[in-house]
Amino acid sequence: MRQVKKVNDVVKIRISGLSIGIHEFHFVYDSSVLSLDGNFPKPVEIDAILDKTAHQILLKVNLKTSGRFQCDRCLDEFEQPISTSYQIFYLYRSTETERIVQDELQIISPDTVEINLTDDIRQMILLSVPLKLLCSEDCKGLCPRCGANWNLRLCNCKEDVGDPRLQGLKDLLNN
Ligand SMILES: [Zn+2]
Ligand SMILES: [Zn+2]
């Protein structure tokens, strides 16, 4: 079993002394390390490929975890796998001569010991949460009258709220 890293830790990669070339890292962190709230109870799996040259580091990061959310329609909790990836360049510069505004670029000094990925990872995971949270694409939602969860059972007031799928049947019965 891989050890899950805990609170008070940060997600970091030591780069001082790292040889030129490609290096791969795999970490598993408790989601509390990333200050992710209760929506992310599962550990976060981090796969990183680091490509170091004399003047820069290119870091590609794949993230995997799972979130617990409340369905917008039926208000039930459900779990949804979350996976996302990003890449970032760290440029070695002894002085920050130009102001760089790109997200995917950071200036680091040549004597940087380690790079801290904590904030980037937290942000990427939060950004990958879908805007519309549904327990399933065809979630039937709640009855606006009695509050019954239509995924679990139909209620008697269903026909009164005018479900178009029942209209044909109603017409037949009324004739
Ligand atoms: Zn739902
Ligand atoms: Zn109802």
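Visitor: In which sense do strand S2 (residues 21-29) and S3 pair, and over how many bridges?

Guide: S2 and S3 pair in the antiparallel sense, over nine bridges. Two strands pair if DSSP finds at least two bridges between them. Strands are DSSP runs of E with at least two residues, helices are runs of H or I with at least four, and both are numbered from the N terminus. This is a predicted model, so local features need pLDDT of at least 70, side-chain atom pairs count only at pLDDT 80 or more, and totals for chains, interfaces and linings use all residues. Residues are numbered from 1 along each chain as its sequence is written, while chains are lettered from A and ligands numbered from 1 in the order in which they are written.

Visitor: Which residue of S3 is the bridge partner of Gly21?

Guide: Find Lys52 in S3, for Lys52 is the bridge partner of Gly21. Lys52 also has a bridge partner in S4, namely Ile57.

Visitor: How many bridges hold the pairing of S3 and S4?

Guide: Eight bridges link strand S3 (residues 44-52) to strand S4 (residues 56-70), again in the antiparallel sense. A hairpin of three residues joins S3 to S4. Asp51 stands opposite Leu58 in S4.

Visitor: How many bridges pair S4 with S5?

Guide: Count 15 bridges between S4 and strand S5 (residues 77-92), in the antiparallel sense. Trace two opposite pairs. Arg68 faces Glu79 in S5. Thr65 stands opposite Ile82 in S5.

Visitor: What is the order of the strands in the sheet?

Guide: The order is S2-S3-S4-S5-S6, in an open sheet of five strands with mixed pairing. S2 and strand S6 (105-108) each have a single partner strand and stand at the edges, so one side of each has no neighbour in the sheet. On average, neighbouring strands are turned by 25 degrees against each other, direction ignored. Such angles use lines fitted to C-alpha atoms, for helices over the stretch in contact, and run from 0 to 180 degrees between N-to-C directions.

Visitor: Which strands does H1 touch as it packs on the sheet?

Guide: H1 touches S3, S4 and S5, and its direction makes about 140 degrees with that of S5. A contact means that two C-beta atoms, placed from the backbone, lie within 7 Å. Leu126 is a residue of helix H1. Leu126 and Ile82 are 44 residues apart in sequence, yet their C-alpha atoms are 9.6 Å apart in space.

Visitor: Which residues of the largest nonpolar core touch the most other members?

Guide: Look for Val11, Tyr29, Val44, Ile46, Ile121 and Ile125, out of 18 core residues. S2, S3, S4 and helix H1 (118-127) each supply at least two residues of this core. S4 gives the most, with four residues. A nonpolar core is a set of buried Ala, Val, Leu, Ile, Met, Phe, Trp, Tyr and Cys residues joined through C-beta atoms within 7 Å. Now take Val11. Leaving aside neighbours within four places in sequence, Val11 is in contact with residues including Phe27, Tyr29, Ile46 and Ile121.

Visitor: Is Leu126 buried, exposed or partly exposed, and why?

Guide: A residue is buried with 20 or more other C-beta atoms, placed from the backbone, within 10 Å of its own, exposed with 12 or fewer, and partly exposed in between. Leu126 has 16 such neighbours inside 10 Å, so Leu126 counts as partly exposed. Cys143 is partly exposed because 18 other C-beta atoms lie within 10 Å. Cys143 lies in the loop between H1 and helix H2 (164-174). The C-alpha atoms of Cys143 and Cys157 are separated by 8.0 Å, with the two residues 14 apart along the chain.

Visitor: What is the phi of Ser35?

Guide: Most residues other than glycine have a negative phi. Ser35 has a positive value, near 50 degrees. Ser35 lies in the loop between S2 and S3. Ser35 is exposed, because 10 other C-beta atoms lie within 10 Å.

Visitor: Where does Leu75 lie?

Guide: Leu75 sits in the loop between S4 and S5. The hairpin there has six residues between the strands, and Leu75 takes a positive phi near 65 degrees. Leu75 has 12 C-beta neighbours inside 10 Å, so Leu75 counts as exposed.
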